[in-house]
Amino acid sequence: MDETARLSTVIGNIYDAALDPAVWNTAICEARDFVGGSAASIFAKDVAQTTLTVYHHDGGIGPDFVRSYLEGYMALDPANTAHFFSSLETPMSTIDVIDFDEFHETRFYKEWAAPQGLVDFITIALEKTPTGAAHFGVFRGVRDGIADEGAKRRMTLIAPHVRRAVLIGNAIEMKASEIASFADTLDGLSAAMYLVQANGRIVHANAAGHMLLA
C-alpha cells in the first residue's frame, strides 16, 4: 500500500474513533505505524497539578512504566516543559529539545527510556489550556531511530485530523452527558411525562410514564 492509500486508511479510522471511542486503539495503532514508532498515546498534562492523564494508548508502554513516569519520571523528562509550550499541530520531538548525546546522559533516559528501547518521542499538541496541554505522541524505538523529517512530515499530515477527531469526540461526549442528565431529571419527576413527535409517536417516557403505561 502506498503512502496516499495508507494515509486515507489512517484518517478514516481516526474519524471513526471520533464517533465510536472503541475504535481509538485501532486508530492509534494505524497512526503509529504510519508515522513510524513502537508505541503511541493520546494524553494530557496539567502543569498546576503535575498530573498525567492517558486517554488512549496502544499498550506499547507497559502499565508499570506508565505508573513510574507519573510517580517520578515525568518531572525528569527533558521534554516535559516543552510539551506545554509547543504549537498546535506542530511536530516536536525530544531531540528537538535536548541534544541526542546529552539526552543519553540523563537519568530519565538511563532509567526509563533505555530499558524500554526508546530513543525519541514525537508529539503534536491537540489542545492547550492556561495550565495544561493534550497531545498525541509516538514513541520511537531503536529500530525506528530519532524522529527524522520524514516522520515529522507524516505526523503533520495526520495532525489536524487527530485534533478534530478528539474535539468532535469531546463534543459528542458532552452532548451525551447533557442528554443523560436531562433524562435523569425527567425520571425524578413523580408525574408521568412523555415527549412525542408531531404525529403522536412517543420518543421518550420518564419512569413514572412507563409505570402508567404498564
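Reader: Which element gives the most to the lining of the largest cavity?

Author: That's β1, with 5 residues in the lining. Bear in mind that this is a predicted model.

Reader: Ok, noted. Which elements supply at least two residues each?

Author: β1 (39-46), β2 (51-57), α3, α7 and β4 (118-129) each do that.

Reader: And what volume does the largest cavity have?

Author: About 330 Å³. The structure holds 1 cavity of 30 Å³ or more.

Reader: How many residues line it, and which lie nearest the centre?

Author: The lining has 28 residues, and those nearest the centre of the largest cavity are Ile61, Tyr69, Trp112, Phe121 and Phe139.

Reader: Switching to aromatics. How many aromatic pairs are there?

Author: The count comes to 9 aromatic pairs. Take tyrosine 69 and tryptophan 112: their ring centres are 5.3 Å apart and the planes sit at 55 degrees, so that pair is tilted.

Reader: Where in the chain do those two sit?

Author: In distant parts of the chain: tyrosine 69 is in helix α3 (residues 63-71) and tryptophan 112 in helix α7 (residues 107-113), 43 residues apart.

Reader: Are they buried or exposed?

Author: Tyrosine 69 and tryptophan 112 are both buried. Tryptophan 112 also pairs with phenylalanine 108: the centres are 5.4 Å apart and the planes at 20 degrees, so this pair is stacked.

Reader: Why does that one count as stacked?

Author: Because planes under 30 degrees apart count as stacked, and the planes of phenylalanine 108 and tryptophan 112 are at 20 degrees.

Reader: And how far apart are phenylalanine 108 and tryptophan 112 in helix α7?

Author: 4 residues, so about one helical turn separates them. As for burial, phenylalanine 108 has 5% relative accessibility and counts as buried, while tryptophan 112 has a relative accessible area of 4%.

Reader: Which residues form the aromatic cluster?

Author: Phe43, Phe65, Tyr69, Phe103, Phe108, Tyr109, Trp112, Phe121 and Phe139 form one cluster. Some of those names came up with the cavity too: Tyr69, Trp112, Phe121 and Phe139 are among the lining residues nearest its centre.

Reader: Nice link. Now charges: how many salt bridges does the structure hold?

Author: There are 9 salt bridges. One of them joins arginine 153 and glutamate 3, with the closest N and O atoms 2.9 Å apart. Arginine 153 is in helix α8 (residues 149-187) and glutamate 3 in helix α1 (residues 3-19), so the pair ties together parts that are 150 residues apart in sequence.

Reader: What's the relative accessible area of arginine 153, and of glutamate 3?

Author: Arginine 153 is at 40%, so it's partly exposed. Glutamate 3 is partly exposed as well, at 32%.

Reader: What about aspartate 58, which side chain does it meet in a salt bridge?

Author: Arginine 32, at 2.8 Å from N to O. Aspartate 58 lies in the loop between β2 and α3, and arginine 32 lies in helix α2 (residues 24-35), 26 residues apart. Aspartate 58 is buried at 16% relative accessible area, and arginine 32 counts as buried at 15%.

Reader: And lysine 45, where is it and what does it pair with?

Author: Lysine 45 meets aspartate 77 in a salt bridge at 3.9 Å, N to O. Lysine 45 is in strand β1, with aspartate 77 in the loop between α3 and α4 (80-85), 32 residues away. Aspartate 77 is buried at 9%, and lysine 45 is buried at 4%.

Reader: Which residues do salt bridges with shared partners join into one network?

Author: Arg32, Asp33 and Asp58.

Reader: Last bit, the overall view. How many helices and strands are there, and what's the radius of gyration?

Author: The protein chain has 9 helices and 7 strands. Its radius of gyration is 22 Å, whereas a compact globule of 214 residues would come out near 17 Å. Along the principal axes, the C-alpha atoms fill a box of roughly 75 × 40 × 30 Å.

Reader: And what share of the residues is buried?

Author: Buried residues make up 41% of the 214.

Key. Residues numbered from 1 in each chain as written. Predicted model: local features only at pLDDT ≥ 70, side-chain atom pairs only at ≥ 80, totals over all residues. Heavy atoms only, no water. Phe/Tyr/Trp six-rings, centres within 6.5 Å; stacked < 30°, edge-to-face > 60°. Buried < 20%, exposed > 50% of the residue type's maximum accessible area, 1.4 Å probe, protein only. 1 Å grid on protein atoms, 1.4 Å probe; cavity = no way out; pocket = protein on both sides within 12 Å on 5 of 7 lines; lining within 4 Å. Points joined across faces, edges and corners; volume = space filled by probe spheres on them. Salt bridge = Lys/Arg side-chain N within 4 Å of Asp/Glu carboxyl O. Rg over C-alpha atoms; globule rule 2.2 N^0.38 Å.
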